[in-house]
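Have a look at the sequence and the model, then try each task before reading its solution.

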Amino acid sequence: MTKRVAILISGGGSNMVSLVKSMTGDHPARPVLVLSNNPDCSGLAKARDLGVETAAVDHRQFGKDRAAFEAAMNVHLDAVDLDMICLAGFMRILTADFTAKWGGRMLNIHPSLLPKYQGLNTYNRAIEAGDKTAGCTVHEVTAELDAGPILGQAEVPILDGDTADTLAARILIEEHKLYPAVLRQYAVGDRTPIKIG
């Protein structure tokens with residue numbers, strides 16, 4: 001049975017585009033909704049151009065009431081009869097109630113080799129630490145930030161003279177390979193970790 005996938009974004013949606021484009025042919029999943037917390041983000045237009053239904057719930061209208069914001073998101077998510085969610089540059093921290101509702105059915109991509117560098121500013125932190133490699137991780141989402149089971153990682157060498165921007169650009173290329181590969185497996189219940197690089 002084909003899995004129905006929603007993708008949550010906050011910005012340009014490049015990982016969303018790579019996921020949507022991968023879900024064709026014999027792929028076990030299909031995109032049914034792209035949802036953003038930013039009604040003005042360019043990723044929504046990209047999703048519409050790819051023929052995917054879109055929706056937006058502006059988190060700013062809810063102030064600090066994260067539960068109300070997530071309830072409004074769930075109205076859209078529940079309406080499309082979802083099997084799973086992919087977070088793709090979704091820049092809001094989710095509550096334990098939301099992660100429990102979608103537990104075991106939600107993936108995220110993070111721009112570091114977890115468990116290193118949870119949270120933000122991952123590229124600078126890797127460079128400043130003198131690391132030889134950086135990369136990205138796809139993991140299941142749990143209530144603890146960037147701490148769910150790891151399902152795939154891609155390593156990228158840190159080069160002499162790298163800046164956060166140059167490193168980010170090389171890691172993004174690997175993100176666009178890794179996330180679709182993990183999704184394809186995850187959609188059929190295969191949680192075997194994937195390693196790239």
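A residue is buried when its relative accessible area is under 20%, exposed when over 50%, and partly exposed in between (1.4 Å probe, protein chains only). The model is predicted, so local features need pLDDT of at least 70 and side-chain atom pairs count only at pLDDT 80 or more, while totals for chains, interfaces and linings use all residues. Residues are numbered from 1 along each chain as its sequence is written, and side-chain values use heavy atoms, with hydrogens and water left out.

**Exercise 1.** Find which residue forms a salt bridge with K101, and describe the pair.

Step 1: recall the rule, which asks for a side-chain nitrogen of Lys or Arg within 4 Å of a carboxyl oxygen of Asp or Glu. Side chains of opposite charge can pair when their charged atoms come close.

Step 2: apply the rule. K101 pairs with D78, and their closest N and O atoms are 3.2 Å apart.

Step 3: Helices here are DSSP runs of H or I with at least four residues, strands are runs of E with at least two, and both are numbered from the N terminus.

Step 4: check accessibility. K101 is partly exposed at 37%, and D78 is partly exposed at 43%.

**Exercise 2.** Work out what the salt bridge between E140 and R191 ties together.

Step 1: take the distance. The closest N and O atoms of E140 and R191 are 3.2 Å apart.

Step 2: locate the partners. E140 sits in strand β6 (residues 133-140), and R191 in the loop between α6 (164-186) and β8 (194-196), so the bridge ties together parts 51 residues apart in sequence.

Step 3: look at accessibility. E140 is buried, with a relative accessible area of 11%, whereas R191 is partly exposed at 37%.

**Exercise 3.** Decide how far apart K177 and E174 are along helix α6.

Step 1: confirm the contact. K177 and E174 form a salt bridge whose closest N and O atoms are 3.2 Å apart.

Step 2: count along the helix. The two residues are three apart in helix α6, which is about one helical turn.

Step 3: compare the partners. K177 is partly exposed at 46%, while E174 is buried at 14%.

Step 4: finish with the total. The whole structure has eight salt bridges.
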